[in-house]
Amino acid sequence: MKNRFPALLLVLACCFVFSSAFMCSKEDNESAPVKPEFTSLIGYWKLKSGVSFGINENGEKKQTATMKEGTVAYEFFADGTFVNHVLVGKPTSEKGNWKLEVKKLDGKDIEEGTLALTSPGMKAVAGQVFVDQDGWMRQQISSINKSAGTTKHRIYLISKRTESYPYKEAWVETTYEKQ
């Protein structure tokens, strides 16, 4: 019995220390401002290219549309907000919120991640096309700090795949350059 008591006391003391540290850490995290996971996303990004694809009833992949360079832009801020800019026709902007989940990082480049965006316009079409039921549009994201032949950073976004008549699957792939 004597030999077990010191070991049990040591285990209880360790549990107390770890739980106290966890509680303090949790309180600190709740009072600290929220910071984005990947700060190089912050800034103004203009569309470099965009292409939509569909898979028809025969299983063939078809390019269904292209987006003209420079027609839209995203502006990401450190507080988790963004502005979506439409730069053609009658230019408009819409504010919203963003979240970034980086799953795999290669130095400063994102190899794999998810960029989630929401805005009043997206919430209005929740559950339709590329917007989830909760009003968030989630896209796969990857980045390159400096692509070949340019000094500008790029992000690559791929929308979720969805059924969109006449296609069994449809999705959009876009590239944005940091300005």
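Okay, a definition to start: two strands pair if DSSP finds at least two bridges between them. Helices here are DSSP runs of H or I with at least four residues, strands are runs of E with at least two, and both are numbered from the N terminus.

Before the tour, some housekeeping. This is a predicted model, so keep the limits in mind: local features need pLDDT of at least 70, side-chain atom pairs count only at pLDDT 80 or more, and totals for chains, interfaces and linings use all residues. Residues are numbered from 1 along each chain as its sequence is written, and side-chain values use heavy atoms, with hydrogens and water left out.

So, what does the chain look like overall? It has two helices and ten strands. Going along the sequence, the pattern reads α-β-β-β-β-β-β-α-β-β-β-β. Of the 179 residues in the protein chain, 33% are buried. For that word, buried means under 20% relative accessible area, exposed means over 50%, and partly exposed is in between, using a 1.4 Å probe and protein chains only.

Let's do the hairpins. Strand β1, residues 43-55, pairs with strand β2, residues 61-67, in the antiparallel sense, over six bridges. If you want a spot to look at, find Ser-52, which stands opposite Ala-65 in β2. Five residues lie between the two strands of this hairpin, and Gly-59 there takes a positive phi near 80°.

How many of its ten residues are buried? Eight of them, so β6, residues 109-118, is largely enclosed by the rest of the structure. On to its other partner: β6 and β7 run antiparallel and are joined by six bridges. Ala-116 stands opposite Arg-138 in β7. Also in β7 is Ser-143, which is buried at a relative accessible area of 9%. Ser-143 and Glu-112 are 31 residues apart in sequence, yet their C-alpha atoms are 8.6 Å apart in space.

Now, aromatic rings. Rings of Phe, Tyr and Trp (its six-membered ring) pair if their centres lie within 6.5 Å; planes under 30 degrees apart are stacked, over 60 edge-to-face, and the rest tilted. Searching the whole structure turns up six aromatic pairs. Take Tyr-74 and Phe-76: their ring centres are 5.6 Å apart and their planes are at 40°, so this pair is tilted. Both Tyr-74 and Phe-76 are buried. They belong to one aromatic cluster, together with Phe-82, Trp-98 and Tyr-176.

Some rings also have a charge over them, meaning NZ of Lys or CZ of Arg is within 6 Å of the ring centre and within 35 degrees of the ring normal. Lys-99 lies over the face of Trp-136, at 4.4 Å from the ring centre. Over at Trp-171, the charged end of Arg-161 sits 3.6 Å from the centre of the ring.

Next up, the pocket. A pocket is an open set of points on a 1 Å grid over the protein atoms alone, where a 1.4 Å probe fits, with protein on both sides within 12 Å along at least five of seven lines; lining residues have an atom within 4 Å of a point. Volume is the space filled by probe spheres set on the points, which are joined across faces, edges and corners. The largest pocket comes to about 390 Å³. It is lined by 19 residues, and those closest to its centre are Tyr-74, Met-122, Phe-130, Met-137 and Gln-139. Strand β10 gives the largest share of the lining, three residues. And how does that lining divide into nonpolar, polar and charged? It has 13 nonpolar residues, six polar and no charged, where Ala, Val, Leu, Ile, Met, Phe, Trp, Tyr, Cys and Pro count as nonpolar, Asp, Glu, Lys and Arg as charged, and the others, Gly among them, as polar.

Val-129, in the loop between α2 and β7, has a phi near 45°, a positive value in a residue other than glycine. Val-129 is partly exposed, at 48% relative accessibility. Finally, a cis peptide bond joins Tyr-165 and Pro-166, with omega about 10°, and Pro-166 lies in the loop between β9 and β10.
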